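I opened my notebook for this one with the chain contacts in mind. Here is what I looked up, in the order I went.

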There are 4 protein chains.
Amino acid sequence: MKEKPTRREKLTQIPPDIAAVNDYEKLAKHFISHPHFEYIAGGSANEITLKNNQKAFDDIGLYNRVLQDVSQGSTELTLFGEQYRHPIFLAPVAHQQLAHPDGELASAAAAEAMEAGFIASTLSSTTLEQIANTTRYRKWFQLYFQDTKAFTLSLIKRAEKAGYSALVVTLDVPINGLRNRAQRANFTLPQEVREANLEGKPSPTQRQLNRTQSIIFQGIMKDAPTWQDLEWLQQQTNLPIIIKGILHPADAARVKEMGFAGLVVSNHGGRALDGVPASITALPFIRHRVGAEFPILLDSGVRRGADIFKAIAYGANAVLIGRPQMYALAVAGALGVAHMLRLLREELEVTMALTGCSTLQEINTECTFTQPQ
Amino acid sequence: MKEKPTRREKLTQIPPDIAAVNDYEKLAKHFISHPHFEYIAGGSANEITLKNNQKAFDDIGLYNRVLQDVSQGSTELTLFGEQYRHPIFLAPVAHQQLAHPDGELASAAAAEAMEAGFIASTLSSTTLEQIANTTRYRKWFQLYFQDTKAFTLSLIKRAEKAGYSALVVTLDVPINGLRNRAQRANFTLPQEVREANLEGKPSPTQRQLNRTQSIIFQGIMKDAPTWQDLEWLQQQTNLPIIIKGILHPADAARVKEMGFAGLVVSNHGGRALDGVPASITALPFIRHRVGAEFPILLDSGVRRGADIFKAIAYGANAVLIGRPQMYALAVAGALGVAHMLRLLREELEVTMALTGCSTLQEINTECTFTQPQ
Amino acid sequence: MKEKPTRREKLTQIPPDIAAVNDYEKLAKHFISHPHFEYIAGGSANEITLKNNQKAFDDIGLYNRVLQDVSQGSTELTLFGEQYRHPIFLAPVAHQQLAHPDGELASAAAAEAMEAGFIASTLSSTTLEQIANTTRYRKWFQLYFQDTKAFTLSLIKRAEKAGYSALVVTLDVPINGLRNRAQRANFTLPQEVREANLEGKPSPTQRQLNRTQSIIFQGIMKDAPTWQDLEWLQQQTNLPIIIKGILHPADAARVKEMGFAGLVVSNHGGRALDGVPASITALPFIRHRVGAEFPILLDSGVRRGADIFKAIAYGANAVLIGRPQMYALAVAGALGVAHMLRLLREELEVTMALTGCSTLQEINTECTFTQPQ
Amino acid sequence: MKEKPTRREKLTQIPPDIAAVNDYEKLAKHFISHPHFEYIAGGSANEITLKNNQKAFDDIGLYNRVLQDVSQGSTELTLFGEQYRHPIFLAPVAHQQLAHPDGELASAAAAEAMEAGFIASTLSSTTLEQIANTTRYRKWFQLYFQDTKAFTLSLIKRAEKAGYSALVVTLDVPINGLRNRAQRANFTLPQEVREANLEGKPSPTQRQLNRTQSIIFQGIMKDAPTWQDLEWLQQQTNLPIIIKGILHPADAARVKEMGFAGLVVSNHGGRALDGVPASITALPFIRHRVGAEFPILLDSGVRRGADIFKAIAYGANAVLIGRPQMYALAVAGALGVAHMLRLLREELEVTMALTGCSTLQEINTECTFTQPQ
């Protein structure tokens, strides 16, 4: 009963009371089972970072400006040599069939319809090839290091072959955060939701630990990637590589020095280490450290076009949308995801119009202030 | 059912438990339909600015002073060459028949009874001429730029002819804020509530957008006024022009330099861009920028006579009352609006008496302090 | 029904679940009618000051110290030449028969039992002479200026004759604060609760106001006392005069310069002007201004022995207890008030013991810190 | 009925929804009577310190670091010349049979199973000898000064004989804090829960107080230990002595100067003086005062492995776990306590892994930041 994946029938048109992205979150719990919702919505441990991700956006104020001519306005940008209509990407969310039987195929179709870049997850519930076949628009592949270099390499080669134009390497969960909410809801991945890319993956080495050894340090972390592994990765592909999960300026600096294409300031939506800074809080320190030209994307907490505006003001080139993708998928499939993206685009444009910014380049910290507490 | 405009019968006398302005808000929801209430009460997006408008007033503390002789006290002021008994105006709230069948006529009558200035909205539900006929007291006309200069000019000429003594030009909503609360309540303007001044207005040009163009930038904002349009406006009338919707000191400075009569620090009651400063937070920066003599009015968040006192301490000459007008109208028509104004006047006088200020000129920031958080 | 003054029977012994002063507040609402409770418990307007009175105490932290020898400890003090066992007085709360038929006679008896000074209110529901006859312990008389000097003087002379040893002149409510909570509960003083001291008082002059005059400024405040009246008062008696209701350092300085005996830092329990500082917030600025030797008492917000400790650390010589007197009276009459006083005394002693302070003189700001927010 | 010690049957295996230490608190109330729960969970007075103990941990942010090699990681430490697998001790919680019939014997067994140090309380419900017989792992004895030196000495000698390897002398409750929550729940120690170590203790001297004397100062505090008594204690044993209940840096400095082995920064879980700093707030000031080498332990508020990490970053060598021990005991006896300890250990290791710290020595304030409010 608890595992029944949907309750209400997926919507086939968008009712007028879905007026903002967070309305999808409120609705989503009626469209998927409780454990699935808890897995998606939950953060780690005390959910301090999860809450701060949105609070920190709200704590940034904006100044409206009157009578500015924005009739030539546009949200265009160039990233890694490609032109984008707007700075909104779908984040590489795993296991999308938890939200909807069409899973990643629906999200990728919605992304194409809204001209949003799509980032396919290593842990997608359909194969990266199937996803690639669905969409002719820009698509990147998100990579988790695998137990063996051979298998990691096979994923890279498949992504190259399938036409992905960049790799996004996620580094902030070598071990999962404490997903207590999911645990309390007794969440397990249902059998029908596959980790489609990982089929045929070799079984992990069974490690024998003696009683003074730790399953964390000498167990799981034994297999975690290091900076050396990242260097190895650089040799394996000509695709631009973007490093995801950076919050500390020193890590950002090292990523830049090593010659990577860009990075994603992210705390994994508050699902990795609890207590780390909100992404938007970490962002300006990182932008300051890597300089004005290095491409920075941001995720975690973006729920409004105004949040995208704030992220750009604080130094991001573009943003990734994670959970709202799953909520919209749960409620109304591809249609929901497309609508959710349209809401964000329009809100971003309204925010630019009312602040008098015609282009993303004009958005900067002078448009903002810190709300009094 | 949902659209039935009233539920309880309008009150014909004021019960003792309406002791303060906000009591009208609590009551109003029982006198008008839910969508109408949501339209009136709602702010934009996350309603951060809406909440801050009142919180920012509460965060300003006051010092009482003992044994001051205020027996010669008065709340009089001179504004644009005219004498006022007190610094309270009714703000140009649109569509007042949403609250009461008598709409603006009731509000204007109440304003006259309480010697409060009345500002008629471009979007009034009775014509500006009807309103002008109702009241012999001070009245101003609030102007939204129209699609064509000809129609804008016709409104100005009608206002002049009808005896309005100033124009208030609202600039902060060239495009509406994200009125999510109204959207979620499925609010639409009911047919019986007309935009009476706009009848006969030419249909807007149908603009053909290609697929790379934005309905925000190349659509709606194409028609938005610019500083050049404001210069044009200046040539069309000898009435004093007051610019409404200013929050940024640079915009205030430009308004002053262009020779306008005054400005209104306002965030449109939190209904325009969400996240902008509370009006009272923005006010001192603007007063500092334009100097001591330039007339500044303020709206957004005034719910207490003490709030008026704080606005004056921070640099305002007078204040405008928006939503409470609609709530009082909804509950008890003209009687309610008059009573609401009387509450504010008396509270202002009590505040002056207890702080030892005999005149508005004596009110300054030394009467205030910032509450510890 | 609503006016039925009591509901539960007054308690004749104290149950173990009354463990702290605020427990009396929670209980009191079951022992008196709703309007009476609202009148007693309510503050003015938005109740910002009411809330801050307790929050500001809670925001002051304390340091415990270990192994201090306090076996010679005592809470004794000397005030206006008299010795007190502890620094706790009962504040001059008006209309005490609202809480209990025995009213001030019960409170005064409890004060004597607990060796607490008692301050009888001008607005007591039994005469100052009856109160004086009840208690052989220290008693002061609280004076409100009356419409005529003659009647004011008659009150002073009666107080002298009845054996009161000091006058406390309250100055912070020349006009009442906005007692909205009491208004909303439709509170009126019931006929059986008399203003016993004011019987025979001459009817106030009927003042004719023209329509440009204000009932606040030219009406009520016309009769309010001024600094000149305070000078007059000084000539009428040899009793020490203590000025109550001071929050601004400049007012405190003037009181001291005029030669008064002391002052009470008070915001009338948040019932006068809303938004003024919490008493404990105002206290250190006043102590700094008047120097170390001038007697300062404090009321408003004291609910714990630790609050008394903090008041003394911040510069008070003693404190007055207002509302808890009424709550305890409502619940259990004289027994309740005595128990409430005992709780405060013991809590003060425990706080001194755990902070290692043997005497009130040892209590200072080094025992405190500001809690992080 | 109210005194019935358990409601649900103790669990014999740990269900998956106990995912974090605080889950034991939520469950515990169903396993013990309300008064017992209130006694255990309650803090003193307004519970400001109780709340701050956890809030202050939450207000410390952490930085994750990517790609660090922690495969050699370990949580080992050396303390007082002994090697420990991890820095987690069970605090000396009194009266453990309130939570479970097996009381301290269960906790001590769980501690041994998880290689956690156990600190037996003077107020244990089984004798220190019984406890000592249960466990072969590290155990310390917590000492309260008794009315007579002879009896105090007899406890020390019994502890030495029973094989305890250190004394922990608690100093912050010479008089109990105001345990209002326990009082309101009418808590009393049930007859079947003995103070087993104190049987045969001489009856306390009956002290006759005259009416000007205080039962606090001249009564209870007459028997409280002083610095001289602490010197005496130093002469009686060769065991390392650790002083518990220190918050003020000056007290910490004196403890160090006197030559004690170490100290415990503690506010007795918010049960002693209310308003004192959270332990973690006090810690860095104390570490700064005593220098880098002096052993410091910390308790009060530790509920997460991340809290342990933060305590170590701020200067602690190890932490003590108080209430969670009782909650876990209440829910599932020894099994619960062991599981609770395992959760903390694993969370600490995960936190170290994600912050890139291989050893406790690498944990410092650079791993942390102060969360914006």
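How many residues of chain A are in contact with how many residues of chain B? I counted 39 residues of chain A against 43 residues of chain B. A reminder to myself before going on: this is a predicted model.

**Entry: area.** I next asked for the area buried between chain A and chain B, and it came out at about 3500 Å². Carbon and sulfur atoms give 58% of that area. I then wanted to know which three residues supply more than any other three of what chain A buries against chain B. They are A:Val66, A:Leu67 and A:Leu354, and together they supply 20% of the area on the chain A side.

Entry: How many salt bridges does the rule find across the interface of chain A and chain B? I got three. In one pairing I looked up, the side chain of A:Arg65 meets that of B:Asp251 in a salt bridge, with N to O at 3.1 Å.

**Entry: which elements.** I sorted the side of chain A that touches chain B by secondary structure. The elements giving two or more residues are helix H1 (21–28), strand E1 (60–62) and helix H13 (323–355) of chain A. The largest share comes from H13(A), with nine residues. By residue class, I noted 15 nonpolar, 12 polar and 12 charged residues on this side of chain A.

**Entry: symmetry, chains A and B.** What rotation superposes chain A on chain B? I found 90°, with 0.0 Å of shift along the axis and an RMSD of 0.0 Å. A:Gln373 comes closest to that axis of the residues of chain A, its C-alpha lying at 5.3 Å.

**Entry: symmetry, chains C and D.** I repeated the look-up here. Chain C superposes on chain D by a rotation of 90° with 0.0 Å of shift along its axis, at RMSD 0.0 Å. These two copies are therefore related as by a four-fold rotation axis. In chain C, the C-alpha nearest the axis belongs to C:Gln373, 5.3 Å from it. The surfaces used by these copies are different, as 3% of the contact residues of chain C recur in chain D.

Definitions and conventions. Residues are numbered from 1 along each chain as its sequence is written. Chains are lettered from A and ligands numbered from 1 in the order in which they are written. This is a predicted model: local features need pLDDT of at least 70, side-chain atom pairs count only at pLDDT 80 or more; totals for chains, interfaces and linings use all residues. Side-chain values use heavy atoms; hydrogens and water are left out. Contact means heavy atoms within 4.5 Å. Buried area is the accessible area (1.4 Å probe) that two parts lose on being put together, summed over both. A salt bridge is a side-chain nitrogen of Lys or Arg within 4 Å of a carboxyl oxygen of Asp or Glu. Helices (H or I, at least four residues) and strands (E, at least two) are DSSP runs, numbered from the N terminus. Ala, Val, Leu, Ile, Met, Phe, Trp, Tyr, Cys and Pro count as nonpolar, Asp, Glu, Lys and Arg as charged, and the others, Gly among them, as polar. Copies are superposed by least squares on the C-alpha atoms of residues with pLDDT of at least 70 in both.
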